[in-house]
Amino acid sequence: METKTYAGISEEYAKLEHSKIVLIPVPYDGTSTWQKGADKGPKAFLEASENMELYDIETDSEVYRQGIYLTQPITINATPEAMVDAVHQETKSYIKKNKFVTVFGGEHSISIGTIRAFNEMFPSLTVLHIDAHADLRQSYDGSTCNHACAVYEASQNTNLIQVGIRSMDIMEKSIMNLDKTYFAHEMVMDDSWMDSAIDQMTDNVFITFDLDAFDPSILPSTGTPEPGGLFWYETLDFLKQVFAEKNVVGFDIVELCPNEIDKSSDFLAAKLYYKMLCYKFQNEDSKDNYEETYDESNILGNYLKFKEEDDY
């Protein structure tokens, strides 16, 4: 996977030292069980981004001017555990550099590493999980780092809020916090779910967005498309409120499985990523410093949840 600048922006806005935002591509698809191809998602997303207008009408902004540094892709894939560890370490290293860190997968197992990093670095973290699937299995196919386990660890160690769920195994119900789960069939009948979900969030929020949360009529190119999903403007309305009312500390987007014939899904993913950045930085001048809020004193307390070696 060739790494250029994000969206073809000039080097002036793409250098690490001048960028507030870091984008980490993770082209991994080692544990998916139906349609393969999520490893090609980051490349398709970046190609679509190069063909996207960089002025956002809604926020009257050009967020790329905040600086977006595109890292080399994480390609470690010997085992799911090795991939998760690499994502965890890389993500945390850029948080420590005072960057707003974003990750684009790859399948949803990459989020185990991103969530672990953010939970170690931010106190009282809410993980907002937007997805068609619950992803709450403790282990699947012999690994705790399977895509079906993407937010199990988050359910144990963070304030997990799940939105758009419409497919799960019955055993996941015993793990799920039903008061903090917003099922798609209920959301369509009652639009108060947005306020309810936000009211249950802590100040610091990390968003993990599985693209199969969208209805397949607007985004068919994903590994396991499920009918009855979210649509574009209701999704943006919710995200805009989250960014306005909470301190979103980072996000990842996963499960783009590109289709050579239809590029619309790639473009939607590109627009979603850019929109989320626009909402984060719309009230910030590009000349202002990005003020990260991770708590140095909290790192050890969160770290002890994970019995792993770390060089921090």
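Modeller: Let us begin with a convention: angles under 35 degrees count as roughly parallel, over 145 as roughly antiparallel, 65 to 115 as roughly perpendicular, and the rest as oblique. The structure here is a predicted model, in which local features need pLDDT of at least 70 and side-chain atom pairs count only at pLDDT 80 or more, while totals for chains, interfaces and linings use all residues. Residues are numbered from 1 along each chain as its sequence is written, and side-chain values use heavy atoms, with hydrogens and water left out.

Colleague: At what angle do helix H1 and helix H8 pack?

Modeller: Helices (H or I, at least four residues) and strands (E, at least two) are DSSP runs, numbered from the N terminus. Axes are lines fitted to C-alpha atoms, for helices over the stretch in contact, and angles run from 0 to 180 degrees between N-to-C directions. In this model H1 (residues 41–49) and H8 (residues 264–281) pack at about 75°, their axes lying 8 Å apart. The two helices are therefore roughly perpendicular to each other.

Colleague: Which residues of H1 and H8 meet?

Modeller: Contact means heavy atoms within 4.5 Å. From H1, Ala44, Phe45, Ala48 and Ser49 take part, and they meet Asp266, Phe267, Ala269, Ala270 and Tyr273 of H8. The residues of this H1–H8 contact divide into 7 nonpolar, 1 polar and 1 charged (Ala, Val, Leu, Ile, Met, Phe, Trp, Tyr, Cys and Pro count as nonpolar, Asp, Glu, Lys and Arg as charged, and the others, Gly among them, as polar).

Colleague: How many residues of H1 are buried?

Modeller: Buried means under 20% relative accessible area, exposed over 50%, and partly exposed in between, with a 1.4 Å probe and protein chains only. In H1, 7 of the 9 residues are buried, so this helix is largely enclosed by the rest of the structure. The buried residues are Gly41, Pro42, Ala44, Phe45, Leu46, Ala48 and Ser49. Their cover includes strands S1, S2 and S3 as well as H8.

Colleague: In what order do the strands of the sheet run?

Modeller: Two strands pair if DSSP finds at least two bridges between them. Here 8 strands form an open sheet with parallel pairing, in the order S2-S1-S3-S8-S7-S4-S5-S6. S2 and S6 (181–183) are the edge strands, each pairing on one side only. Neighbouring strands are turned by 15° against each other on average, direction ignored.

Colleague: How many bridges join S1 to S2, and how many join S1 to S3?

Modeller: S1 pairs with S2 in the parallel sense over 3 bridges, and leucine 23 stands opposite leucine 70 in S2. With S3, S1 pairs in the parallel sense over 6 bridges; there the bridge partner of valine 22 is valine 101. Elsewhere in the sheet, S4 (residues 125–130) and S7 (residues 204–210) pair in the parallel sense over 6 bridges, with histidine 129 standing opposite threonine 208 in S7. H8 packs on the sheet, touching S1, S2, S3, S7 and S8, and its direction makes about 175° with that of S8.

Colleague: Which residues of S1 lie on each side?

Modeller: In a regular strand the side chains alternate between the two faces of the sheet. For S1, one side carries Ile21, Leu23 and Pro25 and the other carries Val22, Ile24 and Val26; both faces are covered, and all of these residues are buried. With 6 of its 6 residues buried, S1 is therefore largely enclosed by the rest of the structure.

Colleague: Is glutamine 66 buried or exposed?

Modeller: Glutamine 66 has a relative accessible area of 6%, so this residue is buried. Glutamine 66 is in the loop between H1 and S2 (68–70). Its side chain makes a polar contact with that of lysine 20 at 2.6 Å. Such a contact is a pair of N or O atoms within 3.5 Å; within protein, one must be able to donate a hydrogen and the other to accept it, and residues adjacent in sequence count only if both atoms are side-chain atoms.

Colleague: Where is tyrosine 13, and where is lysine 4?

Modeller: Tyrosine 13 is in the segment before S1, and lysine 4 is in the segment before S1 (21–26) too. Tyrosine 13 is buried at 15% relative accessible area, whereas lysine 4 is partly exposed at 46%. Leaving aside neighbours within four places in sequence, tyrosine 13 is in contact with Ser19, Tyr64, Arg65, Gly67 and Ile68. Not counting residues up to four places away in sequence, lysine 4 touches Glu50 and Leu70.
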